[in-house]
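Biologist: I would like to learn how to read a model of this kind, feature by feature. Please give the general idea each time, and then the case at hand.

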Amino acid sequence: MVEQPYQYRRRELAEPDWRRLPGWAGVTREEWESAQWQRAHSVKNLRQLRDVTGPGLSEAFLADLERDQRERATMSMLIPPQMVNTIAPAAASAAGLTDAWYADPVRRYMLPVFSDRQPEWPSHPYATRDSLHEAEMWAVEGLTHRYPTKVLAELVPTCPQYCGHCTRMDLVGNPTPSYDKHRFTLTRDDRLSAMLSYLRSTPAVRDVVVSGGDVANLPWPRVEAFVSALLEIDSVRDIRLATKALMGLPQHWLSTDVLSGVARLAAVARSRGVSLAVHTHVNAAQSVTPLVARAARALLEAGVRDVRNQGVLLRGVNDSAGALLDLCFALLDEACVTPYYFYLCDMIPGAEHWRLTVREAQALQSAIMGYLPGFATPRMVCDVPYVGKRWVHQVARYDADLGISYWTKGYLTALESDDPLALEREYPYYDPVHLLPGAAQDWWRAQAARSPRPLEDAGTRP
Ligand code: SF4
C-alpha cells in the first residue's frame with residue numbers, strides 16, 4: 001500500500017517541564033504563569049543562559065553564540081523563559097543537551113550561532129537594513145502606507161522577544177556590536193497622535209495593522225486608547241493586533257487586565273461592524289504549548305474575530321511540508337489559530353543561511369495543498385521590495401539559475417505617484433547565492449567585486 005506523503009494525526013499539546021532546567025528547578029506554576037515573572041527572567045546574555053541551562057551546554061556552543069553576538073547578530077539576545085523552555089524539550093540529560101540545542105528549530109532562529117551562518121555569503125549582496133523600505137513609505141513617523149487601502153502602525157520599537165531574522169532589524173530592539181538601530185524622533189504620544197490624524201484624514205485606508213515591535217510591549221491602557229480611537233474612525237473596518245508574544249509570552253495575553261481590555265475593544269468593534277483580529281508569528285510546532293493555546297482561545301472568548309498566524313519560512317526550522325503541516329495542525333486543532341501566511345525570510349543582513357529560494361517556497365506551497373481546510377491553508381508569500389506581498393506562484397519571470405525573480409504589482413505606493421512606469425516595471429527579488437549553480441555563484445562573485453556599493457548596507461542609517 002502506498003503511504004500518504006504526510007500522515008495526519010492529532011497530537012496532544014504538552015508544556016515541557018521547566019523544572020528540568022537547573023536555573024528554574026524551583027520555579028512554581030504560579031510564578032511560571034505570571035507575565036511579570038517571565039519578563040523579569042527573560043534571558044538577555046550568555047551568563048543568564050548558562051545559569052538557566054547549567055553545565056549541559058558546552059563551552060564551544062557558548063563561544064559559538066558569543067561570536068555570533070559579537071560579529072554577526074542583527075538582534076540582541078532576548079528570549080522569555082516560555083520560549084527557552086520549548087528548546088530541546090526532550091533532551092533528558094545534560095549529556096545530549098548541546099547537540100539537541102544545535103539541532104533545535106527554535107534555537108536556530110532565536111539564538112543563532114556563528115557556525116549557523118553562511119561562511120562565504122552571510123548576507124546577500126543586495127541585503128539591506130529596512131529591506132522592505134518601510135521607512136521610505138512612512139506617511140507619518142512609524143506609519144507605513146504601502147498598499148492603497150491598508151497601513152502598518154509601528155507603535156513601539158521593542159518586543160518581549162527578539163528573533164534573529166527580524167525584518168525590522170533596522171528599528172526594533174537594542175543595538176548590537178555590528179548594527180546600530182534607527183530611533184524614532186517624535187515622542188510616542190506625538191507619533192501615535194500623528195498616526196490617528198493621518199488616518200482620520202485618509203478615508204481610503206480601511207485596514208490598520210497595529211504592530212511594532214510587538215504590541216505586548218506597550219502598556220495595555222495605551223494600546224486600548226489607540227485602538228479605541230481607531231474604532232471611532234468610520235473608514236477603518238479591519239484592525240489587526242500583531243503580537244508574537246501570544247506565543248513567546250502567552251502569560252501577557254492571559255493576564256486579567258489585558259483580557260478584560262480586549263473584551264471591551266471587541267465589544268465596541270462588534271457593535272460597529274469592525275473586524276478586530278490578532279495576528280501572531282509562530283514558526284515551529286513545538287512552540288504551540290497548552291499555555292499558548294489557552295491564550296489564543298482566551299482572546300477568541302474575549303471576542304476577537306480571529307487569531308491568525310503569519311510565520312516565516314526558515315531553513316532548519318520549518319523548511320519541509322511535514323514541519324509546516326505539523327505546525328498548522330497544532331495551531332488549528334488545539335489553539336483555534338488560523339494558519340494564514342508563511343513569508344520568505346526578507347533580505348536583511350545575515351539571513352542567507354535561513355532563506356529559501358522562491359522555487360523551494362513554490363514546492364512547499366504545492367506540497368501542503370489538500371491537507372488543511374481551504375480557509376486555513378496558508379499562502380507562501382514573498383514580500384518584494386517596493387511591491388509588497390506576492391503569492392510565490394505569482395512571479396512574473398524567474399531566472400532560477402541566477403536566482404533572480406521578477407514581480408509586478410497593480411497599485412502605486414506614495415513613492416510612485418509621479419512614476420508613469422510603476423505598474424509596468426518588474427521588481428527583482430533574489431534567491432540566496434550559495435544555493436545557485438557554480439557558474440551563477442561565479443557571476444555573483446564578479447558582480448560583488450565590480451559593485452561600487454558595499455556588499456551590504458551595514459552601517460547606521462543616516
Ligand atoms: S517579534 Fe516580530 S518585530 Fe519582534 S523581533 Fe520578532 S520578528 Fe521582529
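Biologist: How many salt bridges does the count come to by this rule?

Modeller: Side chains of opposite charge can pair when their charged atoms come close. The rule asks for a side-chain nitrogen of Lys or Arg within 4 Å of a carboxyl oxygen of Asp or Glu. By that rule the count comes to 29 salt bridges. Before the cases, note that this is a predicted model, in which local features need pLDDT of at least 70 and side-chain atom pairs count only at pLDDT 80 or more, while totals for chains, interfaces and linings use all residues. Residues are numbered from 1 along each chain as its sequence is written, and side-chain values use heavy atoms, with hydrogens and water left out.

Biologist: Which residue meets Glu-120 in a salt bridge?

Modeller: Arg-445 does, at 2.6 Å from N to O. The pair links distant parts of the chain, 325 residues apart: Glu-120 is in the loop between helix H7 (105-110) and strand E1 (138-140), and Arg-445 is in helix H16 (residues 438-450). Helices (H or I, at least four residues) and strands (E, at least two) are DSSP runs, numbered from the N terminus. For accessibility, buried means under 20% relative accessible area, exposed over 50%, and partly exposed in between, with a 1.4 Å probe and protein chains only. Glu-120 counts as partly exposed because its relative accessibility is 43%, and Arg-445 is partly exposed at 31%.

Biologist: Which residue forms a salt bridge with Arg-168?

Modeller: Glu-134 is the partner, and the closest N and O atoms are 2.7 Å apart. Arg-168 lies in the loop between strand E3 (150-154) and helix H8 (188-200), and Glu-134 in the loop between H7 and E1, so the pair ties together parts that are 34 residues apart in sequence. Glu-134 counts as buried, at 6% relative accessibility.

Biologist: Where do Arg-315 and Glu-360 lie?

Modeller: Arg-315 is in the loop between strand E7 (306-313) and H14, and Glu-360 is in helix H15 (residues 358-368), 45 residues apart. Their side chains meet in a salt bridge of 2.8 Å, N to O. Is each end buried or partly exposed? Arg-315 is buried, with a relative accessible area of 18%, whereas Glu-360 is partly exposed at 28%. Salt bridges can also share partners: Glu-66, Arg-67, Arg-70 and Glu-71 are joined that way into one network.

Biologist: How is the packing of helices H9 and H12 read?

Modeller: Axes are lines fitted to C-alpha atoms, for helices over the stretch in contact, and angles run from 0 to 180 degrees between N-to-C directions. The axes of H9 (residues 220-231) and H12 (residues 256-271) come within 10 Å and cross at roughly 0 degrees. That makes H9 roughly parallel to H12; the classes are under 35 degrees for roughly parallel, over 145 for roughly antiparallel, 65 to 115 for roughly perpendicular, and oblique for the rest.

Biologist: Which residues meet there?

Modeller: Contact means heavy atoms within 4.5 Å. On the H9 side they include Trp-220, Val-227 and Leu-231, and on the H12 side Val-258, Leu-265 and Val-268. By class, the contact has eight nonpolar, two polar and three charged residues. Here Ala, Val, Leu, Ile, Met, Phe, Trp, Tyr, Cys and Pro count as nonpolar, Asp, Glu, Lys and Arg as charged, and the others, Gly among them, as polar.

Biologist: Which residues have the most contacts inside the largest nonpolar core?

Modeller: A nonpolar core is a set of buried Ala, Val, Leu, Ile, Met, Phe, Trp, Tyr and Cys residues joined through side-chain atoms within 4.5 Å. The largest has 145 residues, and Trp-101, Ile-239 and Trp-253 have the most contacts inside it. Its largest share, ten residues, comes from helix H14 (residues 321-335). Leaving aside neighbours within four places in sequence, Ile-239 is in contact with residues including Val-227, Leu-231 and Val-274. Leu-331 is in H14 and counts as buried, at 2% relative accessibility.

Biologist: What about the backbone: which residues does a cis peptide bond join?

Modeller: Most residues other than glycine have a negative phi, and most peptide bonds are trans. A cis peptide bond joins Gly-212 and Gly-213, with omega about 20 degrees. Phi is positive, near 60 degrees, in His-133 and also in Cys-336. His-133 is buried at 15% relative accessibility, whereas Cys-336 is partly exposed at 35%.
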